[in-house]
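User: I am new to this structure and would appreciate a guided discussion. Please take the overall fold before the individual residues.

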Amino acid sequence: MTFTAIDFETATAYHPCSVGIVTVENGVVVDEYVTLIKPPKNEYSHFTIAVHGIYPRDTVNAKTFAQVYPEIKKRLQNRIVVAHNESFDRNVLVKSMALYGLDYEELNIGSRWECTVKIYKAKGLKPTKLSDCCREMNIKLNHHEALSDARACAKLYLLR
């Protein structure tokens, strides 16, 4: 079981304000990475702030996605990537990379990732929100905190 779990929190649409990444080698967590990201113009929607509690004041001095990208790339390139509701996180990555002129194909991670929502839905779990899956599988979660969400996703994937 060697893979990387990722979770983005967003400021608006697909503009990330935080990323959490957990690297698993042979079933063991070997690396964790989390950082705030300054979204374009440091703009947020009230809805996203209500969800994750990250404010513009928290990211005003943070690095941009382009500045954080080398850390993301070294953790994702040539890996199996896992996310809870993978289409959301994949879309954030793809669109953010495009915004900064970065080539998604060079990551060599494919157009579809492993998805713990789909895995647990197939096992009959309903509903399949991350918090519900974690409660069912007895996994500690500080929901909508990027590293906690990525850790939980990694544990869900390991328990599948």
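The questions and answers below concern this predicted model.

User: In what order do the elements of the chain run from the N terminus on?
Analyst: The secondary structure of the chain comes to seven helices and five strands. Read from the N terminus on, these elements run β-β-β-α-α-α-β-α-β-α-α-α.

User: What radius of gyration does the chain have, and why does the value agree with a compact globule?
Analyst: The C-alpha atoms fill a box of roughly 40 × 35 × 25 Å along the principal axes. For 160 residues, a compact globule would have a radius of gyration near 15 Å, so the value for the chain agrees: 15 Å.

User: Which element gives the largest share of the largest nonpolar core?
Analyst: This core has 20 residues, and those touching the most other members are Ile 6, Val 19, Phe 65, Ile 72, Leu 93, Ile 109 and Trp 113. Two or more residues each come from strand E1 (3-12), strand E2 (15-25), helix H3 (65-76), strand E4 (81-83) and helix H4 (86-99). The largest share, five residues, is given by H3.

User: Which residues does Phe 65 touch, not counting residues up to four places away in sequence?
Analyst: Phe 65 is one of the residues that touch the most other members of the largest nonpolar core. With residues up to four places away in sequence not counted, Phe 65 touches Phe 8, Pro 16, Ile 37, Lys 38, Ile 72, Leu 93, Ser 96, Met 97, Tyr 100 and Leu 102.

User: Which helices are included in what covers the buried residues of H6?
Analyst: A second, separate core of 19 residues includes Cys 133, Cys 134, Leu 147 and Tyr 157. In helix H6 (residues 130-137), the residues Leu 130, Ser 131, Asp 132, Cys 133 and Cys 134 are buried. Their cover includes helix H5 (116-122) and helix H7 (146-159).

User: How far away is the nearest side chain of opposite charge from Glu 9?
Analyst: Glu 9 is found in strand E1. Not counting residues up to four places away in sequence, its contacts include His 15, His 52, His 144 and Asp 149. Glu 9 is buried yet has no salt bridge, and the nearest side chain of opposite charge, Arg 151, lies at a distance of 12 Å.

User: What is the omega of the cis peptide bond that joins Lys 126 and Pro 127?
Analyst: Pro 127 lies in the loop between H5 and H6. The cis bond joining Lys 126 to Pro 127 has an omega of about -10°.

User: What is the relative accessibility at which Asn 138 counts as exposed?
Analyst: Asn 138 follows H6 and is placed in the loop between H6 and H7. Asn 138 has a positive phi of about 60° although it is not a glycine. Asn 138 counts as exposed because its relative accessibility is 73%.

How values were computed:
Residues numbered from 1 in each chain as written. Predicted model: local features only at pLDDT ≥ 70, side-chain atom pairs only at ≥ 80, totals over all residues. Heavy atoms only, no water. Core = buried A, V, L, I, M, F, W, Y, C linked by side-chain atoms within 4.5 Å. Buried < 20%, exposed > 50% of the residue type's maximum accessible area, 1.4 Å probe, protein only. Helix = DSSP H or I, 4+ residues; strand = E, 2+ residues; numbered from the N terminus. Contact = heavy atoms within 4.5 Å. Lys, Arg positive; Asp, Glu negative; His and termini not counted. Salt bridge = Lys/Arg side-chain N within 4 Å of Asp/Glu carboxyl O. Rg over C-alpha atoms; globule rule 2.2 N^0.38 Å.
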